[in-house]
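Please look at the sequence and the model before reading on.

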Amino acid sequence: MKDQGTYQPYSYYQLMETSLRELLVEKGIVTDDAVNAEVTAMRGRQPERGSKAVARAWVDDAFRQRLLKNGTAACEELGLEIPALKLVVVENTPQVHNAIVCTLCSCYPRVLLGIPPDWYKSRNYRSRMVREPRAVLAEFGLKIADAVQIRVHDSTADMRYMVLPMRPKGTEDWDEARLAAIVSRDSMIGVAIPKVG
Amino acid sequence: MKPQFATDYPALDAKFDKGDRVRVRKTAPLGHIRTPFYIRGHVGEIERYCGAFPNPEELAQRRDGLPAQPLYRVRFKQKEVWPDYKGPASDVLEIEIFQHWLEKA
């Protein structure tokens with residue numbers, strides 16, 4: 001699917017994907033248009049969807065509580081349809097820092113945050129995040145004090161996870177849109193924290 | 001215990017409550033297993049009951065995975081999982097584990 005400009009032979013997995021897709025189209029199980037529409041929809045989903053939910057939780061405490069109780073239902077209130085996704089939102093506090101990983105594969109709340117970053121799927125991140133999270137976070141430039149508990153969530157089955165970061169000081173008079181702009185994808189995975197300026 | 005996400009599959013009863021100590025079975029069956037190797041044999045505490053979901057080991061064999069298996073989030077102390085863990089004793093790891101992989105500790 002990648003346009004590399006110059007001719008290169010297909011890799012093993014590209015060949016497998018193309019062969020399977022062409023067979024499915026040939027047998028009338030899916031159409032090219034349906035595949036293209038799904039790829040376009042997948043690429044169109046951006047982490048801003050999650051940022052919107054975080055910003056709302058920061059300004060509306062009742063929403064924050066609903067988000068923690070049932071992330072899927074709360075996101076739907078905001079018009080963020082995430083069918084079939086069981087979203088568990090974990091909250092950072094002055095005592096607890098959360099981070100998400102999938103050691104088995106690359107489970108990620110795609111319908112909310114879009115395509116995961118490549119490092120999220122790397123063997124390095126997946127194996128080390130459960131084993132030495134403080135060292136991994138330090139490599140992301142995030143130093144967590146020893147007094148703060150680190151909770152690493154290994155996403156192994158039917159749930160998907162998102163971190164609700166803490167609202168930074170100095171944003172007390174900000175509106176929701178301005179708040180959402182500082183909520184990065186990485187802060188919702190738990191490898192960064194939102195910063196002012 | 002009430003699940004965080006209610007499902008309507010025919011399901012097995014949830015055997016564990018929040019706070020129960022459980023041990024992950026130490027076994028190595030073949031197939032598509034969603035219980036990571038590194039946690040097998042370790043003891044943790046039920047953090048929440050997520051709901052009942054079709055057994056992925058059965059789904060991978062193109063069966064229906066029913067009755068659905070209760071799925072829990074289990075909290076483990078990092079120092080217990082990795083004896084040489086570098087970090088405070090309060091650090092934890094949370095993992096979703098299906099009931100058939102858990103026994104009372």
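This is a predicted model: local features need pLDDT of at least 70, side-chain atom pairs count only at pLDDT 80 or more; totals for chains, interfaces and linings use all residues.

How many salt bridges does the structure hold over all chains? The count over all chains is 18.

## Overall form of chain A

Chain A contains 11 helices and 4 strands. Its C-alpha trace spans about 55 × 35 × 35 Å along the principal axes. The domain assignment divides the chain into domain 1 (12-44) and domain 2 (48-189), and the C-alpha centres of these two domains of chain A lie 31 Å apart.

Of the 197 residues in chain A, 43% are buried. The accessible surface of the chain comes to about 10600 Å², and carbon and sulfur atoms account for 54% of that surface. Among contacts in chain A with a separation of 6 or more, 64% are between residues 24 or more positions apart.

A:S51 is found in helix 3 (residues 48-59) of chain A. A:S51 counts as buried because its relative accessibility is 4%, which is under the 20% limit. Leaving aside residues up to four places away in sequence, A:S51 touches A:A180, A:V183 and A:M188.

A:N92 sits in the loop between strand 1 (86-91) and strand 2 (96-101) of chain A. A:N92 is also buried, with a relative accessible area of 5%. Its contacts, again not counting residues up to four places away in sequence, include A:H97, A:V163 and A:P165.

Together with A:Y13 and A:M16, A:Y12 forms a nonpolar patch on the surface, and the accessible area of the three together is about 410 Å².

## The interface between the chains

The size of an interface is often given as the accessible area lost when the parts come together. Between chain B and chain A, the buried area is about 2400 Å², with 51% of it from carbon and sulfur atoms. B:F5, B:R34 and B:E96 supply 26% of the area that chain B buries against chain A, more than any other three residues. In terms of contacts, 27 residues of chain B meet 29 residues of chain A.

The interface also holds 2 salt bridges. In one of them, the side chains of B:D84 and A:R131 meet at 2.9 Å, N to O. B:D84 lies in the loop between helix 2 (78-81) and strand 4 (92-98) of chain B, while A:R131 lies in the loop between helix 8 (123-128) and helix 9 (133-139) of chain A, so the pair joins two chains. B:D84 is partly exposed at 47% relative accessible area, and A:R131 is partly exposed at 28%.

## Salt bridges within the chains

Side chains of opposite charge can pair when their charged atoms come close. In chain A, the side chains of A:K121 and A:D118 form a salt bridge of 3.8 Å, N to O. Both residues belong to helix 7 (residues 118-121) of chain A, where they are 3 residues apart, about one turn of the helix. A:K121 is partly exposed at 32% relative accessibility, whereas A:D118 is exposed at 64%.

In chain B, the closest N and O atoms of the salt bridge between B:E47 and B:R73 are 3.4 Å apart. B:E47 lies in strand 2 (residues 43-53) and B:R73 in strand 3 (residues 69-77) of chain B, so the pair ties together parts that are 26 residues apart in sequence. B:E47 is buried at 13% relative accessibility, and B:R73 is buried at 0%.

Note on methods:
Residues are numbered from 1 along each chain as its sequence is written. Chains are lettered from A and ligands numbered from 1 in the order in which they are written. Side-chain values use heavy atoms; hydrogens and water are left out. Patches are made of residues with over 30% relative accessible area and no salt bridge: like charges are joined within 9 Å, nonpolar side chains (Val, Leu, Ile, Met, Phe, Trp, Tyr) within 5 Å. Accessible areas come from the Shrake-Rupley method with a 1.4 Å probe; for residues, only the protein chains shown count as cover. A salt bridge is a side-chain nitrogen of Lys or Arg within 4 Å of a carboxyl oxygen of Asp or Glu. Domain bounds come from an automatic or database domain assignment. Contact means heavy atoms within 4.5 Å. Buried area is the accessible area (1.4 Å probe) that two parts lose on being put together, summed over both. Buried means under 20% relative accessible area, exposed over 50%, partly exposed in between (1.4 Å probe, protein chains only).
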